[in-house]
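Please open the structure in your viewer and keep the selection tool at hand, as this tour moves from one selection to the next.

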Amino acid sequence: RSLSTRDEGFPTVVSVIPWVGAALGLAQDSFNFMHKCWGKYGGGYKIPIQSGNIAIFCSEEGMKDVFRDKTRSFNAGAGHRIGIRLIGGVDMDLQGVHLYDKDLGPVISRAFLTTNGLDLIVPTYGMKLFEFLSNLSNDLGDSNRMFNLTTLMGQSLYKNASVAVFGDHFPDNTFDDFMHLDENFSRLMIPIPFYSRSALQARNRLLQSIQSYVRSVWTGSQVEGAPRFASELITALKGTDLSDKDQAGLLLAFMWGMHANTIRVAGFLFIHLLSDHQAFTKVREEIDSILKSSYADDVKTFLETPYSSVPRDEFPLLDSAVKETLRLSVLLSNLREAQREVEVDYGTGKRARVRKGDLVLLNMGSYFRDEAVCSDADNFRFDRFVSGENTPALSAFGGGAHMCKGRLVAVHEIKVLFILFTRFFEMSLVDEKGAPLREKLPPPETRSTAVSRPSDKIHIRLRRKPSKSTRSIVQGP
Ligand code: HEM
């Protein structure tokens, strides 16, 4: 592909091994790879791949131009296809893109972007999580125990949010396989069978469990015993000519979108707050004070309150801490594909020509760490979003027609998780040997994709905290 004159200022990443080298760097350690490219090439550049280019933008102008996409030049089908193929094991062509745009996307939006939909999911999640942590707290008794942080966040979110969304028949014993598949996502990108064998085995077991689950709730014409969202999603899938295994693959890809990033961001929130005593104390005091003043100091009253009745800014410091965590953990947008030749304006006097079929990625991670976007950009400042200073203009959940459809529920899930942990437990960060982790924390895992993954070395020590406001569901007040 020759470059047009308009492309002249739009740099190309030069790799030692043409095509494969840069693409491998991108797949294996997207954050460091892109951050280096940002330093070297600035707000926009392209990586040649076999089928054309991946154009990458990290300037505010470039990202806004692509997110807003007024001319409908980009579609997110390319990103969805990769997720569905690697996680769900389903090869979808354009038909899959239409299925998402026409049937599945609207079902997901109704459930997760409307208060009617969220009112059906959110209180169940809160009460299930309460029960789960109440049992954990009873198991701890008077002892203390350490847990791998990501595993504990994962179990808390995966099990309880899945049951809230898919009903009591959901097979939550799939958790280990789910985490294994997620951890090995970047391995699945490399088509060498032995390299990804254990991830493929985990995926097969997951698909079998999901198929059994669907068989147990599907009556032949409708779904029984599952919340409305699950019913609508499975009915939409049953209306296609996909095999049962491929339908399960699509459900698995949705579950991955729902849980993987939420688990990572929740982990980072705990890491940031537990390693900053002052921030943690302020956020915990805010939680205690609001629960006391608005919910008679009974966390269950808060959990049972419908989503539509809880003010969005009810816990301003916690909300700011979640936004700040998102700012430091989200790295990339979904992959988009240019439907026609289009010019992207990515800074004063800078225009890039993106050709039909080229892929586009928005490198939000570098943008969020730009000192011109917010000061002290590399550091976690829990109250940044309530302090009145400059904050990023773009959301960590992307933008435009393909903005994250789970953004409301994700933030709510994480806030409820943190609130409940502070009510049930005294917590501290420790390493694998149980020694306290203080100033220097292990850096995030390098093999992360769109959202950073906390280091596997970070553990959390829990000690039960007796409190009347966390009374057990079984025992009653
Ligand atoms: C903290 C957790 C989460 C983060 C950081 C996150 C982040 C993102 C990002 C960056 C995108 C791409 C947006 C773009 O390219 O413009 C996205 C897309 C998406 N997310 Fe999330 N997400 C999270 C949780 C969830 C949850 C809980 C769900 C489901 C309930 C969900 C469902 C989706 C869907 C369906 C899309 C594709 C939207 C489309 O292309 O139309 N996400 N997410």
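**A helix and its covered side**

In this predicted model, begin by selecting helix 8, residues 175–183, whose buried residues are D177, F178, L181 and D182. Because these residues span an arc of only 135° around the axis, they lie on the same side of helix 8. Next, display what covers them, which includes helix 7 (149–166) and helix 9 (185–188), together with helix 10 (197–217) and helix 12 (244–274).

**A buried loop residue**

Now select T449, which sits in the loop that runs between strand 9 (425–430) and strand 10 (459–464). Is T449 buried or exposed? T449 counts as buried because it has 23 C-beta neighbours inside 10 Å, the cut-off for a buried residue being 20 or more. Apart from its neighbours within four places in sequence, T449 is in contact with S30, F185 and S186.

Finally, turn to the open sheet, in which five strands are arranged in the order 1-2-8-5-3 with mixed pairing. Its edge strands are strand 1 (44–49) and strand 3 (74–75), each of which pairs on one side only. Within the sheet, select strand 2 (residues 52–57) and strand 8 (residues 359–362), which pair in the parallel sense over four bridges. To inspect this pairing at residue level, centre the view on A55, which stands opposite V360 in strand 8.

Key:
Residues numbered from 1 in each chain as written. Predicted model: local features only at pLDDT ≥ 70, side-chain atom pairs only at ≥ 80, totals over all residues. Pairing = 2+ DSSP bridges. Helix = DSSP H or I, 4+ residues; strand = E, 2+ residues; numbered from the N terminus. Buried ≥ 20, exposed ≤ 12 C-beta atoms within 10 Å, placed from the backbone. Arc of directions from axis to C-beta. Contact = placed C-beta atoms within 7 Å.
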